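Here is a short tour of one model, taken a region at a time. Please keep the viewer open as you read.

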Amino acid sequence: MTYRWTTPDRLELRPHRSLPRRGFAGVIGLFFVLILVPLTAMLGTMVLWGLLPFAMIALGALWWGLERSYRDGDILEVLAIEDPEVTLTRTNPDRSVQEWRCNGHWVRVSKHDTGGPVPHYVTLNGNGREVEIGAFLSGDERKALYGELASRMRELR
């Protein structure tokens, strides 16, 4: 699961990382080695100097793409349930912070099976606002999250 209760009153949600940093280094290293295989056949020829820039551009593009993926997925959502207040804080990839607060008695958890940006879209309603939570989770994780949040909010009331 890419979300976990760190304490009974604090839930942290992060996007799933299928490629950890150690794997990132392995992918870059493997790509570099594999791109050298055809280049070794060109050693001592002028063709090598024509192919080398394209090989390095491809390596740089792979590096940039994976780094960009890491940056875009650097999201943290924290749901803090402190009687009587519920706070949802979202830290975006650009380090901006969004915060939503509501009295826990009035918080409603909703799951939109269709019609949302993703299937089984989970939202919190209260204080005249509806905010999403865990939109980056998989469908099964959002279903499980909905069940856990709904029962936790019932307990809070």
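Phe 24, by contrast, is buried at 6%. This is a predicted model, in which local features need pLDDT of at least 70 and side-chain atom pairs count only at pLDDT 80 or more, while totals for chains, interfaces and linings use all residues. Residues are numbered from 1 along each chain as its sequence is written, and side-chain values use heavy atoms, with hydrogens and water left out.

## The aromatic cluster

How many aromatic pairs does the structure hold? There are two, where rings of Phe, Tyr and Trp (its six-membered ring) pair if their centres lie within 6.5 Å; planes under 30 degrees apart are stacked, over 60 edge-to-face, and the rest tilted. The rings of Phe 24 and Trp 63 have centres 5.1 Å apart and planes at 70°, so this pair is edge-to-face. It links distant parts of the chain, with Phe 24 in helix H1 (residues 21–40) and Trp 63 in helix H2 (residues 46–72), 39 residues apart. Helices are DSSP runs of H or I with at least four residues, strands are runs of E with at least two, and both are numbered from the N terminus.

Phe 24 also pairs edge-to-face with Tyr 70, at 5.9 Å centre to centre and 80° between the planes. Tyr 70 lies in helix H2 and Phe 24 in helix H1, so the pair ties together parts 46 residues apart in sequence. Both of these residues are buried. Together, Phe 24, Trp 63 and Tyr 70 make one aromatic cluster.

## A charge over two rings

Have a look at Arg 21 next: its charged end sits over the ring of Tyr 70, 4.1 Å from the centre, and over the ring of Phe 24, 5.6 Å from the centre. The criterion is NZ of Lys or CZ of Arg within 6 Å of the ring centre and within 35 degrees of the ring normal.

E6 and E7 (residues 121–126) pair over five bridges, and Asn 125 in E7 is the bridge partner of Arg 108.

Key
Two strands pair if DSSP finds at least two bridges between them. Buried means under 20% relative accessible area, exposed over 50%, partly exposed in between (1.4 Å probe, protein chains only).
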